[in-house]
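Trainee: Could you walk me through this protein chain? I would like to begin with the pockets, and I may jump around a bit.

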Amino acid sequence: MIITKDSVVQLHYRVSDASGLIEDSAKGEPMLYLHGHQNMLPAIEQALEGKAAGDALSLVVEPKDAYGERDDNAIQSIQVKHLKGAKKWAPGMTAVVETEHGPRQVKIVKVGMFKAEVDVNHPLAGKTLTFDLNVVSVRAATAEEIAHGHAHGAGGHHHD
């Protein structure tokens with residue numbers, strides 16, 4: 001079966017930038033996603049369209065097609081009590097903040113007693129990324145997966 005809209009794709013991936021490896025899924029479960037439902041960067045979905053189990057590809061993605069350009073003015077001041085991930089904060093640390101769009105990673109720039117200045121750029125913003133992808137399996141999505149907009153099962157989304 002080839003990858004088309006409403007396919008559930010299982011794949012291993014490696015992500016790197018000019019300074020080296022960022023993430024490698026090879027030691028764990030392959031990632032599972034529902035193709036054609038904006039669950040993946042559009043450039044990756046386009047590259048995987050028409051591929052099949054056993055296919056491997058390497059894809060270089062510029063910042064504009066990945067996580068955007070870095071915005072040096074993307075610094076916000078928030079209350080320290082809203083930072084999640086540690087009890088004590090220092091510049092350079094990564095925290096999680098709940099936003100109206102769900103949890104978001106931020107980088108601590110400066111921290112005071114009650115407020116912190118955080119960089120809200122995505123951690124990979126401004127980076128040209130290389131994705132090495134290995135398609136493990138492809139199957140048709142179930143009606144439930146299509147209705148939910150994501151793949152279910154190991155490496156995908158789980159409902160409690």
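Mentor: Before we name any residues, one term is needed: a residue counts as lining a pocket when it has an atom within 4 Å of a point of that pocket. Please also keep in mind that this is a predicted model.

Trainee: How much space lies in the largest pocket, then?

Mentor: The largest pocket holds about 330 Å³ of space. It is lined by 15 residues, of which Tyr-13, Val-15, Met-40, Tyr-67 and Phe-131 are the closest to its centre. Two or more lining residues come from each of strand E1 (7-17), strand E2 (20-24) and strand E9 (129-140), with E1 providing the largest share, three residues.

Trainee: What's that lining like by class?

Mentor: The lining of the largest pocket has 12 nonpolar, two polar and one charged residues.

Trainee: You mentioned Tyr-13. Is it buried or exposed?

Mentor: Tyr-13, which lies in strand E1, has a relative accessible area of 18%, and because buried means under 20%, Tyr-13 counts as buried.

Trainee: What is Tyr-13 in contact with, if we skip its neighbours in sequence?

Mentor: Leaving aside neighbours within four places in sequence, Tyr-13 is in contact with Glu-23, Asp-24, Ser-25, Met-31, Asp-132 and Leu-133. For a sense of distance, Tyr-13 and Pro-123 are 110 residues apart in sequence and 18 Å apart in space, going from C-alpha to C-alpha.

Trainee: Changing topic: which residues touch the most other members of the largest nonpolar core?

Mentor: That core has 22 residues, and the ones that touch the most other members are Leu-11, Ile-44, Leu-48, Phe-131 and Leu-133. At least two residues of this core come from each of E1, helix H1 (42-48), E4 and E9, and the largest share, five residues, is supplied by E9. There is also a second, separate core of 12 residues, which includes Leu-83, Val-106, Ile-108 and Val-118.

Trainee: Can we zoom out? How many helices and strands does the protein chain have?

Mentor: The protein chain has two helices and nine strands, and from the N terminus on its elements run β-β-β-α-β-β-β-β-β-β-α. Its C-alpha trace spans about 55 × 40 × 25 Å along the principal axes, and buried residues make up 35% of the 160 residues. Among contacts between residues at least 6 apart in sequence, 62% join residues at least 24 apart.

Trainee: Which residues have a positive phi although they are not glycines?

Mentor: Two to look at are Asp-6 and Gln-38, with positive phi values of about 70° for Asp-6 and about 55° for Gln-38. Asp-6 is placed in the segment before E1 and counts as partly exposed, at 25% relative accessibility. Gln-38 sits in the loop between strand E3 (31-34) and H1, and with a relative accessible area of 76% it is exposed.

Trainee: Last one: what is the average pLDDT of the protein chain?

Mentor: The chain averages a pLDDT of 91, and 96% of the residues score at least 70. Among the elements, E2 has the lowest mean pLDDT, 87, whereas strand E4 (residues 56-61) has the highest, 97.

Definitions and conventions. Residues numbered from 1 in each chain as written. Predicted model: local features only at pLDDT ≥ 70, side-chain atom pairs only at ≥ 80, totals over all residues. Heavy atoms only, no water. 1 Å grid on protein atoms, 1.4 Å probe; cavity = no way out; pocket = protein on both sides within 12 Å on 5 of 7 lines; lining within 4 Å. Points joined across faces, edges and corners; volume = space filled by probe spheres on them. Helix = DSSP H or I, 4+ residues; strand = E, 2+ residues; numbered from the N terminus. Nonpolar A, V, L, I, M, F, W, Y, C, P; charged D, E, K, R; others polar. pLDDT = per-residue confidence, 0-100. Core = buried A, V, L, I, M, F, W, Y, C linked by side-chain atoms within 4.5 Å. Buried < 20%, exposed > 50% of the residue type's maximum accessible area, 1.4 Å probe, protein only. Contact = heavy atoms within 4.5 Å.
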